[in-house]
Amino acid sequence: MNGRIGRGRSRTRTRDGAPLSPGARRIIRLNNGFQLLFNLLWWMPVFYEYQRQAGLTDGQIFGIQSIYYLAFCLFEIPTGLIADRIGARNCLRAGAVVMTAANLVPVLTPNYSGFLAHFLLIAAGRSLTSGAASAYLYDGLRAEGASAHYLRAEGQARALGLAAKVLCWPLVGPLMDLAHPAPYVLSAVSAGGSVVCAVLLPRRNAPDCRARGGRSGPHAAGTVRHEAANALRTVRARPWLALVMVQGVALFTLARICQVNLFQPILFAHAVPTSAHGAALAAMTVAEAVASARPHWLTTRLSPVTWVSLLSLVMAAALAGSTLGGPWTVVALLCLFAAVTGFGYPLQRKLVNDAIPAGAPRATLLSLESIVDRAVCALVAVAAGGYLSAGRLDDLLWHSALATAVLLAVLHLLLRRNREVAHGHTLRANPAQNGATIRIEQRN
């Protein structure tokens, strides 16, 4: 649907056969590089064990994670507004610089305070880029007449980043044996590379404050408040936008809590040795990368909204099912979980972006979605720490599956009531994309 993958020049053509402009190709290439390097966290497969070796308890480790999610929520409030005022590109630069510094903190202070500062800085860096990156890509491709290529570009960037992790994560164990801080040093080097990509991004997407009614100097605070109020008015006026934001909570929370917080505890519970964790995470990443590059496979018969809910339910079922099998079954289910996550993320991003009307503060609204996601993650992280401290991992996974099913059932009752309104908003917000991109109406 969003550009045909074939051989030769067909890789740079949109759905209607028109070749991508040089500007669009440059945006896609630099976005790919930025996403790959910014998110290449070498320490991810071992950070739980790394912190335990530094003397932290499970309560401290999961407490830091809860603080991280709460901090992310707080940072998202100003950073989304800042992105709409100073430009998404400048926010990407700042976020990459902060991420570089964040990855060096555990090398200098490998204790509780150091890891807490590390995750607080990561929250700041990610909040600067979470809405800005998607907004920059979406607006940049639209300005180049390549809006139909957005879904594929989002998926390809994620797939390339995941492929890099597949190559790098199995090396973390041996590198850590050679030099204990190596995972964090290499992460800092990768983040430094993302700074270069952000610097090279085209300038055309910087906002024009005068065109948006903004001001500079002493009146800037007033314009920021105006943007915040505008974002909230947009959400209130468009129930469909609010609903698709909430729909992504299950998808994001399950993916984040499993792949970051519960990945190693699940493997430990099934006697999978630490030396195999990198390989297991690499296998999961392969599955996610393959699916992330092809989200359009899922949009032919069911609506994207239905697909996101179904994928979220499959993820929850995979986690619950991991309590019933042995080590190989668990790894297979985790790979299934990762593949479903790969399909779901680009679809959810597309849904939210298409639901945002033209002229609305896109980065601010995308940051609002992240705030909701991270707020739920903060609560779940606290609960996960309590469950693990009590030795109730299986109960945690089953209760998560039940909560996901209940949330999505309630959500779809609301979606059904609002599908006619949603269809009208979609047509008005994206008239040029009708028939060329994903439709956001809810089918009977």
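User: Which way does H1 pass H6, in a left-handed or a right-handed crossing?
Analyst: Keep in mind that this is a predicted model. Here H1 covers residues 22–38 and H6 covers residues 150–168. The crossing of H1 past H6 is right-handed.

User: And how are H1 and H6 oriented to each other: roughly parallel, roughly antiparallel, roughly perpendicular or oblique?
Analyst: Their axes come within 8 Å and cross at roughly 40 degrees. Angles under 35 degrees would count as roughly parallel, and roughly perpendicular runs from 65 to 115. The H1–H6 angle therefore makes the pair oblique.

User: How many charged residues sit in the contact of H1 with H6?
Analyst: From H1 you get Ile28, Asn31, Asn32, Gln35 and Leu36, and they meet Ala153, Gln156, Ala157, Leu160, Gly161 and Ala164 in H6. By class, that's six nonpolar and five polar residues, and the charged count is no residues at all.

User: What about H1 and H5, how are those two oriented to each other?
Analyst: H5 spans residues 112–143, and its axis comes within 10 Å of the H1 axis, crossing at roughly 160 degrees. Anything over 145 counts as roughly antiparallel. So H1 and H5 are roughly antiparallel.

User: How many charged residues does the contact of H1 with H5 have?
Analyst: H1 brings Ala24, Ile27, Ile28, Asn31, Phe34, Gln35 and Phe38. On the H5 side there are Gly125, Arg126, Thr129, Ala133, Tyr136, Leu137, Gly140 and Leu141. By class, the contact has nine nonpolar and five polar residues, and the charged count is one.

Terms used:
Residues numbered from 1 in each chain as written. Predicted model: local features only at pLDDT ≥ 70, side-chain atom pairs only at ≥ 80, totals over all residues. Heavy atoms only, no water. Axes fitted to C-alpha atoms, helices over the stretch in contact; angles between N-to-C directions. Helix = DSSP H or I, 4+ residues; strand = E, 2+ residues; numbered from the N terminus. Left-handed = near helix turned anticlockwise from the far one by under 90°. Contact = heavy atoms within 4.5 Å. Nonpolar A, V, L, I, M, F, W, Y, C, P; charged D, E, K, R; others polar.
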